[in-house]
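I opened the notebook on aromatic side chains today.

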Amino acid sequence: MIEPEPDPHSDPVLEARALQMQFQGLKAVDGISLALAPGEMLGLIGPNGAGKTTMFNMLAGSLVPTSGQIMLNGQDVTKDRPEQRLGSGLGRTFQIPRPFAEMTVLENVLTGARDQAGESVFHTWFSPRRVAREEHQNVEKARHLLDFLLLSRLEGEPARVLSGGQRKLLELARLLMADPSVLLLDEPAAGVNPSLLEVIMERIQALNAQGKAILLIEHNMDMVSRMCSRVFVMAAGRELAQGAPSDVIRDPRVIQAYLGDAA
Amino acid sequence: MLDLVAYGAFFLTIALTYAVICLGLNVQWGQTGLFNVGIAGFVAVGAYTSAILTTPATADRFGGFDLPIIVGWIGGGLATAFVTFLLGALTLRLRSDYLAIATFGAAVVIQLCMLNLVPLTGGPFGIGFIPRPFGALAGNALAFGLANFAVIAVLVLVVYLVLERLVRSPWGRVLRAIREDETAARGLGKNPVRYRLEAFAIGGFVMGLGGAAQAHFIGFIAPDNYLPILTFQVWAMLIVGGSGNMRGAILGAVLVWGIWAVSGSVVSSVFPADQQARAAALQIVLIGVALCAVLLIRPRGILGEVRIVSRHLLRDARPKASAKERPDHA
Ligand SMILES: Nc1ncnc2c1ncn2[C@@H]1O[C@H](COP(=O)(O)OP(=O)(O)OP(=O)(O)O)[C@@H](O)[C@H]1O
Ligand SMILES: [Mg+2]
């Protein structure tokens, strides 16, 4: 399979224009503009509290920006609710996983499936065959994803028994079930052990190779350098630098931001 | 002996009308986490609507349309569904505690309407002569009691099957997901307002249906039948039986109604007539004690919520212990 080479000059699938988020006195995000090209994997890095997760919350619709604009596939989605943005193909994972704790791992994943006939009252009563058939297909797909993310063994367990790392994986599986074309991944590998880390990286790269555009928040610079051709650095709500990972990590401002006064 | 059977049939008939109401609450609270403290009002809407539709024409009151009982029941359900839909549309977008306040307020308003809209509701005296199913058998207490019981048993079975199909489906799974973590569910594309509104109105329909049925088995309704104590009883039924479990809702209704009816007859035989109104408070205390006992021994109710939502999964669950259906008593 030939990887579609991301082209930074084609129209971006996701674009933030001068986004600002003010919490009372604090400007968590202060005028960030960034663009994610089709098929691109862009790293979003920056020290703790830089405003990365806040960016995701605005891009995915959990927070309404104080000012600025968000474009998804050329459409202005700034005011769309999160559930509408998923419908337009934008999906996100949470930094702190949010499993449906009392539901089984399998049903957590099944919940991710979009446009299920069985989610309509009408079809549940009047098209039972169609509902059963879709549910069957979705179970196949969900089990496949659980396999892919090494959670098969746990499919019948309630999600609350999962470890922190497993919850991260479940979070990803559930999102993949919805099959979004643009993925916002908030530290997908945090708390995952090193041997599994390789697996997750490989899985995320495979998704990117399928043509999904990915915006990745990650503190592990080694991982970012290996996966992303371009990174965007934030600090204290502002853009610090962007470019190839090897250039960015040599940028004195970036070193200063990461090491603070110790540098 | 036959008297006892007739009485038993009557007892179960009334208990099962509560079971229908309780099934409605289970859709709202058990599956969706919607805190409805105005049950009495919604039950009253169903009861009055059905009474107005089915009683014979009356001079001093609106209606008396003399329609078949089944029309009254469905009408009662639809009227309550309409009221809950409106209330839900106004409040379900807001923070969840607003629903509690709004349902409480709605019940108060409905109570005031029953008392004051005399031309519609008959005021404090209510509506009498509500036709009873198999009224022609009324001469034979036993046959009449059993026929009534058969009617309500069929109604409970139908409501149970219809709701069970609805709730143990991807739709029910979304309800549970929203209940557990709304933000995550929205991130997966589920619109919480839509699902809550559907669950609230469907639960409302079932409550109204239960209220309508009850009116026809008692034959007479008045505002006094729909005081907040009714809301408390139905909540106790659901919690005792097992919130989130349809069978639990039915079982809880029969058990709590049993405690209520037995303690009521004890009160009326032990206490002198002038003390009985006060002694009736003992019934409420007893329900409260039963509630505490169940919560201590089985915190999730006698039959707890089943973990696997979708019935499609039970059929093709992998043959391993952990994937089997089992009530959740962690
Ligand atoms: N809902 C909120 N209300 C008030 N302040 C907030 C809120 N959310 C985030 N903040 C603040 O905004 C700043 C940026 O937080 P954010 O979570 O975006 O950082 P981050 O870059 O994701 O950090 P980390 O790498 O630690 O996850 C922090 O100072 C945080 O305290
Ligand atoms: Mg963060």
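This is a predicted model: local features need pLDDT of at least 70, side-chain atom pairs count only at pLDDT 80 or more; totals for chains, interfaces and linings use all residues.

Is Phe65(B) buried or exposed, or in between? Phe65(B) has 42% relative accessibility, so I logged it as partly exposed.

Next I checked Phe62(B). Its relative accessible area is 48%, so Phe62(B) is partly exposed.

Then I counted aromatic pairs. Over all chains the count is 9. I looked up Trp29(B) and Phe35(B) among them. Their ring centres are 5.7 Å apart and the planes stand at 65°, so I noted the pair as edge-to-face. Edge-to-face needs planes over 60 degrees apart, and this pair has 65°.

I went back to Phe62(B) and Phe65(B). They form an aromatic pair, with 5.6 Å centre to centre. The angle between the planes is 75°, and the pair is edge-to-face.

I then took accessibility for the other pair. Trp29(B) has a relative accessible area of 30% and is partly exposed. Phe35(B) is at 39% and also counts as partly exposed.

Last, I turned to charges over rings in chain A. Arg98(A) lies over the face of Phe94(A), 5.4 Å from the ring centre. The charged end of Arg174(A) sits over the ring of Phe100(A), at 4.5 Å from its centre.

Note on methods: Residues are numbered from 1 along each chain as its sequence is written. Chains are lettered from A and ligands numbered from 1 in the order in which they are written. Side-chain values use heavy atoms; hydrogens and water are left out. Rings of Phe, Tyr and Trp (its six-membered ring) pair if their centres lie within 6.5 Å; planes under 30 degrees apart count as stacked, over 60 as edge-to-face and the rest as tilted. Buried means under 20% relative accessible area, exposed over 50%, partly exposed in between (1.4 Å probe, protein chains only). A charge sits over a ring if NZ of Lys or CZ of Arg is within 6 Å of the ring centre and within 35 degrees of the ring normal.
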